[in-house]
Amino acid sequence: MTKLIFEQSTSGRINKAQFLPAEIPLDDIPDVFLRKTSPMLPEVSEMQAVRHFTRLSQLNFSIDTHFYPLGSCTMKHNPRICNEAALYDGFSGRHPSAPDSTGQGLLSCLFDLQEILKDISGMNEVSLAPMAGAQGEFTGIAMIRAYHDARNDDAREEILVPDAAHGTNPATAVMCGYKVREIPTLDNGDVDIDALAAVVGPRTAGLMLTNPSTLGVFERQIREIATLVHDAGGLLYYDGANMNAILGKVKPGEMGFDVIHLNLHKTFSTPHGGGGPGAGPVGVSERLIPFLPVPRIVESSGQFTVLDKKDCPQSIGRLSCFMGNAGILLRAWIYARLLGRDGMKRVADFATLNANYLKAKLEQAGFEMAYKNRRATHEFILTLKKEKAETGVTAMDFAKRLLDKGYHAPTTYFPLLVPECFLIEPTETESLEELDGFIGAMQEISKEAAEQPDLVKSAPHNLPIRRLDDVRAARQLDVVWKNDLGDSKK
C-alpha cells in the first residue's frame, strides 16, 4: 500500500531547492495576510515527493495505460500533438479580455471550428460557449424554451424523453422548467412510434433523443419521429454523446433535429474526465439562431469579431465569464484539422468495425447480446443475466474481475432497461490485439464464474484497494487525515 505523503515525513528533512530565495522581500505584505503559525506540510525530499506522486499516478486506470471500453463515454486516445499545439504562446498567453484586434489568429481558429462543427452536424449556426457537455445540453433545452416563449406558446410544458435516454436528459428538462414524459422503447431497441404519437401534441415543447441510442442501435424511424414532433409544433434536441458512430457519415440536421450539443471530449478526443475543463458546443437550425448563447465569433471581410448580448438581444445570454474553454476548443480544432473530411469518416468506420467485431466474437464465445438481431453502432450491449442465474455472478462482479486482468470495465447497469447490462464501446483507436485480449479476459472470467464463482464475486484481488462497501463509503465518507497531535488536514 502506498503511504500518505505525511506518513513519509521525517522531522528536519527539507528540500531547499523549492524554497523562495531569502533575498525576496516580504515586508510589503500586510500583517493580516501573514500566517501566525507554520503550515502543516510533509517534510520530505524532492525525490520522495516525485516518487510518491509518480506511484500514485501509476495506480490509476486511464486511457494512457489500459483499454477503457466505457460505453456511451467514448474514452479514446488524446493525440499529444493537439495538446502541444494548443499550448503555443500565441494561444495560451492571450488574456480572454484582450480586444479582438489582438487575437485574430485565435479567433480565426475558433471560427473555423464553428464552421467544421456546422458542417458535420448539418446545423445552420454553432456556438462554442458551453463549458461542458452537460452545459451544452442545458443550453439546448434553454434555447427551445426561449423559442416557444418568443412565440407566446405558453402551453408547451412537456419534454419527451425515451426510457433509454441518458439520465441527464430528464434532469436538464426539469432544470429548464419542463415536465418530463417518458416514451417507451420496443424490444428491438426502436422508440415506440405508437406511444409517441399518442402523447405528442400542443403541450409538447420538444423531444430529446440520442441517435445512435444508448441501446447501441440506430433509430431507424428517425424521419417519422421528426415529422410527428414537428407537425405538433415541437422541436427535436440531439444528444451528441454518440456522434463517434456517425462522424462524417450522417448529419443530425438531415435527420430533422433542431438543436445539438457535441461532447468534444468524446468525438473530438480532447481530455476526458477528472473534473477538468470541458467543452460542449451547440448547433442550431435556422429558427433557433437568435437564441444562441454569447459570445459567438463571426467573420466579415477577413476580420473576426466576438458578438455579445448587445449584438444578439434574443440570446439566452452568457454561460460563463468568457467564451468557453479556449484550450480545449483548440485541441478539438487541431484534431479535426489533422483528420480532415476523409479522416472523420474513418473514425466512424473503425469505431463501428471494432464494436461489431467485439460483438460477434463475444457472441461466438457464448455471451448473450441484448439486441441480437441488430448491428452494433459504435457500441453494443450484452446481458449477463444468464451468468447471474446460473452462477450468482453479476455484471458488477465481472466488472471488478476485469480490473484484475488489466482492463477497465465497460459501463454497467446502464441503460436500466437491460438486466445485468454491459455497455461496451471499444472506439476506433484500439488495435485488433487489444480487442482480442479483452475477449480472452471475458472468456476467462466466464469460466471462473462457472468453476470458482467466489473468486469472481470477491474481485478485485490484484489492486491496492479491494472491493469497497459502496453504500457505506457514500454514507460515512471519511477523507480526513489526522496527525498524532489530533490536528486535521483535509
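**Figure 1. Ser-301 in the loop between strand E8 (296–300) and strand E9 (303–307).** In this predicted model, Ser-301 has a positive phi of about 55 degrees, although Ser-301 is not a glycine. With a relative accessible area of 76%, Ser-301 is exposed, because exposed residues are those over 50%.

**Figure 2. Ser-72 in the loop between helix H1 (46–58) and helix H2 (80–86).** Ser-72, which is not a glycine, has a positive phi of about 70 degrees. The relative accessibility of Ser-72 is 3%, and this residue therefore counts as buried, the cut-off being under 20%. Most residues other than glycine have a negative phi, and most peptide bonds are trans.

**Figure 3. The cis peptide bond between Asn-211 and Pro-212.** The bond that joins Asn-211 and Pro-212 has an omega of about 5 degrees, and Pro-212 itself lies in the loop that runs between strand E4 (204–209) and helix H8 (222–231).

**Figure 4. The cis peptide bond from Phe-414 to Pro-415.**

**Figure 5. Division of the chain into domain 1, domain 2 and domain 3.** Domain 1 covers residues 5–57, domain 2 covers residues 81–339, and domain 3 covers residues 345–474. Taken over C-alpha atoms, the centres of domain 1 and domain 3 are separated by 45 Å.

Note on methods. Residues are numbered from 1 along each chain as its sequence is written. This is a predicted model: local features need pLDDT of at least 70, side-chain atom pairs count only at pLDDT 80 or more; totals for chains, interfaces and linings use all residues. Side-chain values use heavy atoms; hydrogens and water are left out. Domain bounds come from an automatic or database domain assignment. Helices (H or I, at least four residues) and strands (E, at least two) are DSSP runs, numbered from the N terminus. Buried means under 20% relative accessible area, exposed over 50%, partly exposed in between (1.4 Å probe, protein chains only).
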